[in-house]
Amino acid sequence: MLLRGGKKLREDNVAGPVLELKNLHKEIPRKDREPFPIFRNINLSLRDGEFVSVVGPSGCGKTTMLRVINGLLPRTDGEIFIDGKSAAELDHELVMGFVFQGASLLPWRTSLKNVLLGLEGRGRNPKGAEEIARKYLDLVGLSGFENHYPHELSGGMQQRVNLARALAVNPRILLMDEPFAALDAQTRNFMQLELLRIWSETKKTVIFVTHMIAEAILLSDRVVVFSHRPGTIRSEFKVPLERPRSMEMRADPRFLELENIVWKQIEEEVNASGGFAQM
Amino acid sequence: MNGSDRKFSANVLKVASVVAGLTLWHLVSAYVINDSALLVSPVVVVKTTYEMLFVTGELYPHLFASSGIFFYGFVLAIIAGVPLGFVMALSPLVRDYINPWMATLYTTPRIAFAPILLLWFGIGAGSKVAIVFLGCVFPILINSYYGMRVVNREYVELARSFRLRPWELFLKIMLPASVPFILSGIRLAVGRGLTGVAIAEWFGATEGLGYLVYFAGQTLNVPTLFVGVTAFAALGIVGFEVIRRFEAYVTPWRKEAQGG
């Protein structure tokens, strides 16, 4: 029941990538000047159930790319395919769930009502929609908090609701924009483990944007490194760690080696863009 | 200090402030301006109010007349102001078209309109309701407009991400987000509406609190004058309290609305 919509698309394209970006290009037009390039020539493809992180220096366009994929911003050039169909064609369907960085919960809605936002008025009966919302709140560990308003929840709990809301519509792809950036270090670690658990239970295809290299490695199958602005894909790494992941793996030599390599690349990108002070 | 302690001390302070104010008023009337043609003690005001309510009953017609005029003008202002504010927020064309008139009407002293409205609507309830309406409508309209304009961009993006239809964006995001603004406009309108009642009833009225105050002032009936002013204050307090409760009811998600 929870796989409605998603399942149908899956059957049509058994082997193909779930998400495919072809020469994706974004610039902002400016008056009397050259357009301002944000990112260019992005080619990326995600297979079903893959978890891919995007890291890069601040302002490299990684968050903007996520917004363009979700259709929150128009693209300048290139194509986006979801299960082989162009994203424009699927624009009215909820094929993507977006987990925002900030407090994007509606303050006048309880947790349950916030999760219901994407479920209401889509031909479901209200009882069924509520059942789904409760199920996802339970999945993110928030049963018992259905009737709490966002201001009554901690930052970590708010991001759990945020995640439940994105998952509840059963999207093909989950787009996550630095969802744990605003949390304290300890809460962030717990949320990373929670995300690993939730991901293993839902098997979603995920693009996870973060500026934290360790977070990217811990969570992902692949880590994509962006160059400085205009962002291009500088390199891609397969994370050489088995699943399930655990916090102890952060001390694994393979983890540390990859962390080092990625950090060096980002450092080079920051220097090439004029140094840290210029950011 | 926990919440209930804070609430308790807030209530103590409120009562202490009222008691101190009334005591000072009484002392001034007894020892400083000891002239009942200028100032009467709050004791006299309470006594006169009691008589006008329960002995002669002469306060009721004034109270009802003023409340009625206030109510109609106020409700009409909400009915007209909220949707017009929304339309202006959603359509720059309408906004630019209406703006010069709104700016002019808003800044012109309402008391200057009173004789004109009297001329147009006659000395009956119509002109008075119109004066109250004119006082109430602008804060409501401007706040409704503003509330819709400043809706958090993140919420609009959220609506897009969840592919909400335009009417869903309005009903589920824009409208609830602007409710606190509309309510603070309505709160402002209470004071302005009561001012409107006072002004309206100074011109050719035969009843109402404004008439009572005006007539008592002309005839140097100082106790009645103070009763009239007190009755206005009481209407204002009742109005504020009704709106505060309504606000706490419709926006339970706001921390501020839950306090005292």
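These are my notebook entries on a few things I looked up in this predicted model.

**Entry: the sheet in chain A**

I began with the strand order. Chain A holds an open sheet of four strands, which reads β2-β1-β4-β5 with antiparallel pairing. I then checked the edges: β2 (36-46) and β5 (85-86) of chain A each have a single partner strand, so one side of each has no neighbour in the sheet.

Next I followed one pairing. Strand β1 (residues 19-28) of chain A runs antiparallel to strand β4 (residues 77-82) of chain A, and five bridges join them. In this region I found A:Lys22 opposite A:Glu79 of β4(A).

I also looked for a helix on the sheet. Helix α2 (residues 62-69) of chain A packs there and touches β1, β2 and β4 of chain A. The direction of α2 makes about 65° with that of β2(A).

**Entry: a helix pair in chain B**

Here I wanted the crossing of helix α8 (residues 166-200) and helix α9 (residues 209-218) of chain B. Their axes come within 7 Å and cross at roughly 55°. I therefore noted α8(B) and α9(B) as oblique to each other, and their crossing as right-handed.

Which residues make the contact? From α8(B) they are B:Val197, B:Ala198 and B:Ala200, and from α9(B) they are B:Leu209, B:Gly210 and B:Val213. By class I have five nonpolar, one polar and no charged.

**Entry: between the chains**

Last, I turned to where the chains meet. I found 16 residues of chain A in contact with 13 residues of chain B. On the chain A side, nine are nonpolar, seven are polar and none is charged.

Definitions and conventions
Residues are numbered from 1 along each chain as its sequence is written. Chains are lettered from A and ligands numbered from 1 in the order in which they are written. This is a predicted model: local features need pLDDT of at least 70, side-chain atom pairs count only at pLDDT 80 or more; totals for chains, interfaces and linings use all residues. Two residues are in contact if their C-beta atoms, placed from the backbone, lie within 7 Å. Ala, Val, Leu, Ile, Met, Phe, Trp, Tyr, Cys and Pro count as nonpolar, Asp, Glu, Lys and Arg as charged, and the others, Gly among them, as polar. Axes are lines fitted to C-alpha atoms, for helices over the stretch in contact, and angles run from 0 to 180 degrees between N-to-C directions. Helices (H or I, at least four residues) and strands (E, at least two) are DSSP runs, numbered from the N terminus. Angles under 35 degrees count as roughly parallel, over 145 as roughly antiparallel, 65 to 115 as roughly perpendicular and the rest as oblique. A crossing is left-handed if the near helix is turned anticlockwise from the far one by less than a right angle, and right-handed if clockwise. Two strands pair if DSSP finds at least two bridges between them.
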